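The following exercises are to be worked with the sequence and the three-dimensional structure at hand. Each task is followed by a solution in steps.

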Amino acid sequence: MENIKISGNIRKVAPIYVGADYAPSIIASVGASDVNDSLSLEIEKAKKAEELGASIVTDHTLLDNIEYIQKKIAQEISIPFSAIPVYEAAVRARKNKGVIDSQEMIRIIEAQALRGVDILTLHATAFKDDRELLKETKRIIPCTSRGGTMMLEILAKSGEENPYWTYFDDVLNIAQKYNLTLSLGTCFRPASVYDCANNNELYFIEMQRMGELVRRADAKGVGVIIEGVGHAPLNCMESIVKNTKEICSNAPYRVLTVATDIALGYDHIASAISSASAVYYGADMITCVSRSEHIGLPSIADLEEAIIAAKIAAYVGYSSRTNDFERDKVMSMARNKLGCGGQIEAAIYPEGARQALRSRKYINGKKECSMCGDFCALDANERLIHN
């Protein structure tokens, strides 16, 4: 399952392709988690994400009116839309002392498909007995996945096994019916680079479970994405990506990652560093991380910054992996010939480059910027070569 096509049946969005043969996709997150959050703001974020070139928008809403919010967001975008069923299950369970019926959790999957969701992130590989693993682990933070902890708490209340695992054949039938893609959420991705480097056994226990689900989905013709990495130092990235891909039959690999834990307020930079490395070693999708990660919901400006950082990371990793530097060549030629102004359209985000240039003053209107003034190296090259 090296490559998959993402295209749901309800909204009939233009399909996208992800996997080893395609440039990495960018996933942007929206969604309200507090009653004071504005639906109009989250819709604006979703539309902005599409405008900036995100491949997929995923909803992280945690409010009682999640159904209404998802419908409204889905109506406003024309790119694939992703959601997380256990979030809705946890919201419903909260109204019933934490208890929710397994079959209701399966029904939520179909309900989200009918709202226009194309990709469902399923936390299918957290088991009821994993509470004991969390008690025994040497990790500083046993579990960082919000969906993972939601699922574990649901299982603790019900005493039953994970319904997404137990009834995975039913899930596959729904996926076939609505042409859904399944994204397998990693409950035990590491929450710190220290844990990743020293205590990452839980992650690979879960990957073995995911590998089984990938093979079952592949047999039914259902596309699957693997989510992984988490907080990871660069020296661990190659082994994580390559081992995960091998265990999971080379299914498309989606990363949500940062390279250090101490970039608080600047996690978009830590994520770009880590994501570029992950893509170089074979990751296929990047989940945008904003500077607001670990702090609060991102603003529109935060989201814009995160998407651009992710696009840069995707390009850096993929161009290095494929040895294709044609866009860099175009940029260098434009820079050499026309200086500041010529670079704009070759940039990964031309509008941002244009805005940055407006705040600067040309020295001679062609090449020289305020960095070098009369000592512009580009002009010096012309004198050295042509005079």
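**Exercise 1. A helix and its buried side**

The model is predicted. Task: state which residues of α10 are buried, and compare the reach of this helix with the expected value.

Solution. 
Step 1. The buried residues of α10 are Leu202, Tyr203, Glu206, Met207, Arg209, Met210, Gly211, Leu213, Val214 and Ala217.
Step 2. To read such a list, recall that an α-helix has 3.6 residues a turn, so residues three or four places apart point the same way.
Step 3. Helix α10 covers residues 201-219, which is 19 residues. From its first C-alpha to its last it reaches 28 Å, close to the 27 Å expected at 1.5 Å a residue.
Step 4. After α10 comes Gly221, with a positive phi near 75°.

**Exercise 2. Rings and charges**

Task: state how many aromatic pairs a search of the whole structure finds, and describe the pair formed by Tyr203 and Phe204.

Solution. 
Step 1. The search of the whole structure gives four aromatic pairs.
Step 2. One of them joins Tyr203 and Phe204, with 4.9 Å from centre to centre and 90° between the planes. This pair is edge-to-face, because planes over 60 degrees apart are given that name.
Step 3. The two partners can now be classed by accessibility. Tyr203 is buried, at 0% relative accessibility, whereas Phe204 is partly exposed, at 24%.
Step 4. A further pair is formed by Tyr280 and Tyr281: the ring centres are 5.0 Å apart and the planes stand at 70°, so this pair is edge-to-face as well. Tyr280 is partly exposed at 41% relative accessibility, and Tyr281 is partly exposed with a relative accessible area of 25%.

Task: state which rings have the charged end of Arg209 or the residue Arg327 over them.

Solution. 
Step 1. Arg209, one of the buried residues of α10, has its charged end over the ring of Phe127, 4.0 Å from the ring centre.
Step 2. Arg327 lies over the face of Tyr315, and the distance to the ring centre is 5.4 Å.

**Exercise 3. The largest pocket**

Task: give the volume of the largest pocket, and describe its lining by element and by residue class.

Solution. 
Step 1. The volume of the largest pocket is about 850 Å³.
Step 2. Its lining consists of 38 residues, of which Ser29, His60, Arg146, Leu256 and Glu293 are the closest to the centre.
Step 3. Two or more lining residues come from each of β3, α1, α6, β8, β9 and α13. The largest share, four residues, belongs to β9.
Step 4. By class, the lining of the largest pocket has 14 nonpolar, 17 polar and seven charged residues.

**Exercise 4. Positive phi in residues other than glycine**

Task: locate Lys97 and Asn323, and decide whether each is buried or exposed.

Solution. 
Step 1. Lys97 is not a glycine, yet its phi is positive, about 55°. It is placed in the loop between α3 and α4.
Step 2. Lys97 has 73% relative accessibility and is therefore exposed, because the limit for this class is over 50%.
Step 3. Asn323 likewise is a residue other than glycine with a positive phi, near 60°. Its loop is the one between α13 and α14.
Step 4. With 58% relative accessibility, Asn323 also counts as exposed.

Technical notes
Residues numbered from 1 in each chain as written. Predicted model: local features only at pLDDT ≥ 70, side-chain atom pairs only at ≥ 80, totals over all residues. Heavy atoms only, no water. 1 Å grid on protein atoms, 1.4 Å probe; cavity = no way out; pocket = protein on both sides within 12 Å on 5 of 7 lines; lining within 4 Å. Points joined across faces, edges and corners; volume = space filled by probe spheres on them. Nonpolar A, V, L, I, M, F, W, Y, C, P; charged D, E, K, R; others polar. Buried < 20%, exposed > 50% of the residue type's maximum accessible area, 1.4 Å probe, protein only. Phe/Tyr/Trp six-rings, centres within 6.5 Å; stacked < 30°, edge-to-face > 60°. Lys NZ or Arg CZ within 6 Å of the ring centre and 35° of its normal. Expected span 1.5 Å × (residues − 1).
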